[in-house]
Amino acid sequence: MHIVLAGGGTAGHIEPALNTADALRARDCGISLSVLGTERGLETTLVPARGYALTLIPAVPLPRRVNRDLFTLPRRLRIAVAEVTRHLQQTKADVVVGFGGYVALPAYLAARREGVPIVVPEANARTGLANRIGARFANAVIETVKGSLPGAETLGLPLRHAIAHFDRASARAAGMELWQLAENKPTALVFGGSQGARHLNEVVAAAAPELIKAGYQILHSVGRNNSDHLVTGLPGYVTVPYIERMDFAYGVAAVAVTRAGAMTVAELTAVGLPAVYVPLPIGNGEQKLNAEPVVSAGGGVIVDDANFTAEVLIETLSRWKAEGF
């Protein structure tokens, strides 16, 4: 049996696909896997690093307004569908599983034309256009947040083994050693994902001196493309371009400051880490919706991006520290 996983662009699309692939591979039941992506996304590094074959197809962004891209969409879509069709034929694909992003719609259309069954898992509380279209003719539709897609089965989001089976004690010990953090201080973990990290970086850098005075230490992933935001020379403030072992980071953290992508919210909930969620102010508003059920249950607070300032962050984290989290 060969399963084709289609998910690319951001980690929010790629990680659920890779977590699903890992679970299938762990069953060791003769299943072969391949992943579809584009050269524009994080999949070019994340997929090979996890040991999976990556087939690149042309990216097909779906325009949200009338512009030149809208008029070239049919031609670009035909080219991408043809590329996916070749892959399905070459691999003798049995199932296509799409996780959204630029690669998902061509995968759904090619699978439908070839008669290959389609599974659509939706990670976000508000569904993107590609998955809304694919869900109309999919054989199975799965949602993380109830009510995201009509007729979907609510299963939640597939997590990495290290998160689903989180061992806080060992993760904390490894993280403390890796980043040389102090055992007697609470750690604020800051990360912004592959998009939208710059505003978080600027606010946290401005707040860092006061947060350190208040007793915090900070572990801050600024993003691979934001090397200008790396900080040195401020004791208690550790900045890194990227965190490979997020389980180690969760292990050392007392609180997180982050965006509200579906995978981020799911992982923080799974490990029981409170967060200041700052939803990305672009897209279709799904990030705020992702975080709302967790915040309603006492798992943190939501701060709109426009209101996220150093003063707000200092006040929030100082209050949480005084309350003992």
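**Reading a helix and a strand**

Tutor: The buried residues of α12 pack against β8 (187-191), α8 (197-213), β11 (253-258), β12 (275-277) and β13 (300-302), where contact means heavy atoms within 4.5 Å and buried means under 20% relative accessible area, exposed over 50% and partly exposed in between, with a 1.4 Å probe and protein chains only. Helices (H or I, at least four residues) and strands (E, at least two) are DSSP runs, numbered from the N terminus. This is a predicted model, in which local features need pLDDT of at least 70 and side-chain atom pairs count only at pLDDT 80 or more, while totals for chains, interfaces and linings use all residues. Residues are numbered from 1 along each chain as its sequence is written, and side-chain values use heavy atoms, with hydrogens and water left out.

Student: Which residues of α12 are buried?

Tutor: An α-helix has 3.6 residues a turn, so residues three or four places apart point the same way. In α12 the buried residues are A310, L313, T316, L317 and W320. They cover an arc of only 135° around the axis (taken from the directions from the helix axis to the C-beta atoms), which puts them on the same side of α12. The face turned away from that buried side carries the exposed residues E311 and A322.

Student: How many Å should the 13 residues of helix α12 span?

Tutor: The expected span of a helix is 1.5 Å times one less than its number of residues. For α12 (residues 310-322) this gives 18 Å, and the end C-alpha atoms are 18 Å apart, which agrees.

Student: Which residues of β5 lie on one side, and which on the other?

Tutor: I118, V120 and E122 are on one side of β5 and V119 and P121 on the other, and all are buried, which leaves both faces covered. Since 5 of the 5 residues of β5 are buried, this strand is largely enclosed by the rest of the structure.

Student: In which sense do β5 and strand β6 pair?

Tutor: Two strands pair if DSSP finds at least two bridges between them. β5 and β6 (residues 140-143) pair in the parallel sense over 4 bridges, and V120 stands opposite V141 in β6. Strand β4 (residues 95-98) also pairs with β5 in the parallel sense, over 2 bridges, and the bridge partner of V96 is I118 in β5.
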